[in-house]
Amino acid sequence: MGYTEVKFIELNGLEIKTTLTDEEKSIDDHISSFFTPTDDYGTKVIGFDVEWPVEYKDSTDYLFKRANFQLCDGNSCLIICLPFSSDVVPKSLHNFLRMPNYTFVGIGIKDNLAFLEKEHGIVFRNAVELGPLAASLMKMPHLRYCGVDELAFEVCKLDLRKYRPSRLAFNWGKYYINKELVKHATVNVYSYHKIGSALLRPAPVPQMPVFIRRLLILFSVLLVYLFCRIFGRIFSVIVNVVWFFFVKMM
């Protein structure tokens, strides 16, 4: 029997809808909601994380030890309880992760990507590690080794630590994870989305100072005026010459 639960998490002045599910229809529906284009119709950034039970990689008894696959587009989050057979991972998820105009961002994702491909046949087309990206773009080498809270503050001036549960047993092996653990996951993938969006946002086009724009407008108006005056005189001369010859011929 499938399981779906929706929780609403207050975060950064927003109410984030987080869906926890292992049902294919719920996964399909939520992934469809991610298809809303960005304002500039550019590449869309999706925060990504995956949590594995401590026993997952070493145990052959996988009962109730599902990994939790997390996605966030800034408006809503999706936590998928991954099954243990790659044959039952929804096609919508496989297809979504391979779309060329989506970039999935996170922290410490290299090992996760390798394990997801090995265990579930899940492959990303565009996945970016945030630490090295921030270090390169911001010319701050130490950011390569920072965690999510440090990166969120340095890149976005965003402090989300107050939203993170202070006391939390990280037991991702349970089939039903509690609200505090869902909140922790939401804080993380929401942070990844905000950091990635800030780093990958297209550079703004430099704006011309207002007084220069006004001078150019004035200059353009003056050119049009002079052109009209000069053209008007030339046109007047042409008309007079044509009229003169017309009268002579009569």
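Biologist: How many salt bridges does the structure hold?

Modeller: It holds four salt bridges, where a salt bridge is a side-chain nitrogen of Lys or Arg within 4 Å of a carboxyl oxygen of Asp or Glu. Bear in mind that this is a predicted model: local features need pLDDT of at least 70, side-chain atom pairs count only at pLDDT 80 or more, and totals for chains, interfaces and linings use all residues. Residues are numbered from 1 along each chain as its sequence is written, and side-chain values use heavy atoms, with hydrogens and water left out.

Biologist: Which residue does Lys25 form a salt bridge with?

Modeller: Asp29, with the closest N and O atoms 2.9 Å apart. Lys25 and Asp29 are separated by about one helical turn because they sit four residues apart in helix 1 (residues 24-33). Helices here are DSSP runs of H or I with at least four residues, strands are E runs of at least two, and both are numbered from the N terminus.

Biologist: And is Lys25 buried or exposed?

Modeller: Lys25 is exposed at 62% relative accessibility, while Asp29 is partly exposed at 44%. Buried means under 20% relative accessible area, exposed over 50%, and partly exposed in between, with a 1.4 Å probe and protein chains only.

Biologist: What about Asp73, which side chain does that meet?

Modeller: Lys44, at 3.8 Å, N to O. That pair links distant parts of the chain, 29 residues apart: Asp73 is in the loop between strand 4 and strand 5 (76-81), and Lys44 is in strand 3. Asp73 is buried at 8%, and Lys44 is buried too, at 10%.

Biologist: Switching to the sheet, what's the strand order?

Modeller: Seven strands form an open sheet in the order 1-2-5-4-3-6-7, with mixed pairing. Two strands pair if DSSP finds at least two bridges between them. Strand 1 (4-11) and strand 7 (127-129) are the edges, each pairing on one side only.

Biologist: How many bridges join strand 6 and strand 7?

Modeller: Three, in the parallel sense, with strand 6 covering residues 102-106. Val105 stands opposite Val128 in strand 7.

Biologist: Last one: at what angle do helix 5 and helix 6 pack?

Modeller: About 35°, with their axes 10 Å apart; helix 5 is residues 148-156 and helix 6 is 179-200. The axes are lines fitted to C-alpha atoms over the stretch in contact, and angles run from 0 to 180 degrees between N-to-C directions. Contact means heavy atoms within 4.5 Å. Among the residues making the contact are Leu151 and Val155 of helix 5 and Tyr192 and Ile195 of helix 6.
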